[in-house]
Amino acid sequence: MAGSHHLQQDVPRFLHKLLFMFSLAVVCASLYFILSGCCDFILVDSAKHLKQTSQLLPLTELLQRKNDSFEKRATDVGARSASPVGSTGATGAVGAQSANVGKDWTATRRLPQAIIIGVKKGGTRALLEFLRLHPDIRALGSEPHFFDRHYSRGLNWYRNLMPKALEGQVVLEKTPRYFVTADSPGRIHAMSQEVKLIVVVRDPVTRAISDYTQIISKTPGVPSFETLTFHNGTEEALKVDSLWSPIWIGLYALHLERWLAHFPLEQIHFVHGEKLVSDPAGELGRVQDFLGLQRIITDKHFYFNKTKGFPCLKKPEGSSKPHCLGRTKGRPHADIHPQVILRLRQFYQPHNLRFYQMTGQDFGW
């Protein structure tokens, strides 16, 4: 009976041990499979990563090589651009233009940063043509007359007239009528308070005769200069008709007053018309300084045409002939009686002196 009792007690203990061993085996097996799966995942992932890396390395090396090549080309271009620009002859301007090669995609149409505002028959066309030699000047060839005739068209219309320019280039236009048009100073100031203004002034007596010479070339049958200069068409009272356009334009001090009401004097540059003929390089040098540009246009760009009595540009690059301005430049003036010229000089003298005081320059007229 005792043995049977002990046997009955040992059976549950054995079953508990067996169950414990089975559970332990299941746990160990589970841990084994879990750990094996993780290791496989890590190994597979590592293998994939190594495989991807091995595939990407050649591409990375290729991109690096391309980048190194691009940087080398950029360095070479930069070195060429930074090389000194020749300041003599037409090749100097061409050399400077080569610095802008490859940048055309950035060219845009902008409102002008500088305007030649006057004066008519003072030498504005010559100045514009000479300035166009400079590689950092982009100038409109025609006169847009925006601020005196076409203002209602709006600034977008005006901007679209301008030539495309790269960053750092100066956009320029000329309309001599602006200087004597009452609304122009305020309108230009509304466009830009920083715009640089250029005025070409000339002996007002010579300028008036030149203006009249142009009038009669286009309109035959116009009365004589003397008749139009004096009231009632006679010299008896010697009273000059200051409202006649060729005389009125030469009242420089009167017109300058309106501009100084909107712009400081430092923002206006005056070109000496007579010196533009006798010393074009000197006048162009001062204009380049005023515009903040390198002095590229020099005396080696010009020669004096004795037939026309006017400076011309030496042979441009790629051309077989030198470039002179049109036949209307340097043409003989109408023959005016010396007494009329003397009276006009007397008339302009106080106006000229006032103009000298306003500008701080004595033009010697």
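Me: What stands opposite Ala139?
Reply: Leu172 in E5 stands opposite Ala139. This is a predicted model, where local features need pLDDT of at least 70, side-chain atom pairs count only at pLDDT 80 or more, and totals for chains, interfaces and linings use all residues. Residues are numbered from 1 along each chain as its sequence is written, and side-chain values use heavy atoms, with hydrogens and water left out.

Me: Why do E3 and strand E5 count as a pair?
Reply: Two strands pair if DSSP finds at least two bridges between them. E3 and E5 (residues 170-174) are joined by 3 bridges, so they pair. They run parallel. A strand here is a DSSP run of E with at least two residues, and a helix is a run of H or I with at least four, numbered from the N terminus.

Me: What makes E3 and E7 edge strands?
Reply: The open sheet has 5 strands in the order E3-E5-E2-E6-E7, with parallel pairing. Strands E3 (137-139) and E7 (268-272) each have a single partner strand, so one side of each is left without a neighbour in the sheet.

Me: Why is Gly123 called buried?
Reply: Buried means under 20% relative accessible area (1.4 Å probe, protein chains only), exposed over 50%, and partly exposed in between. Gly123 has 18% relative accessibility, so Gly123 counts as buried.

Me: Where is Gly123, and what is in contact with Gly123 beyond its neighbours within four places in sequence?
Reply: Gly123 is in the loop between strand E2 (114-118) and helix H3 (124-131). Leaving those neighbours aside, Gly123 is in contact (heavy atoms within 4.5 Å) with Val200 and Leu276.
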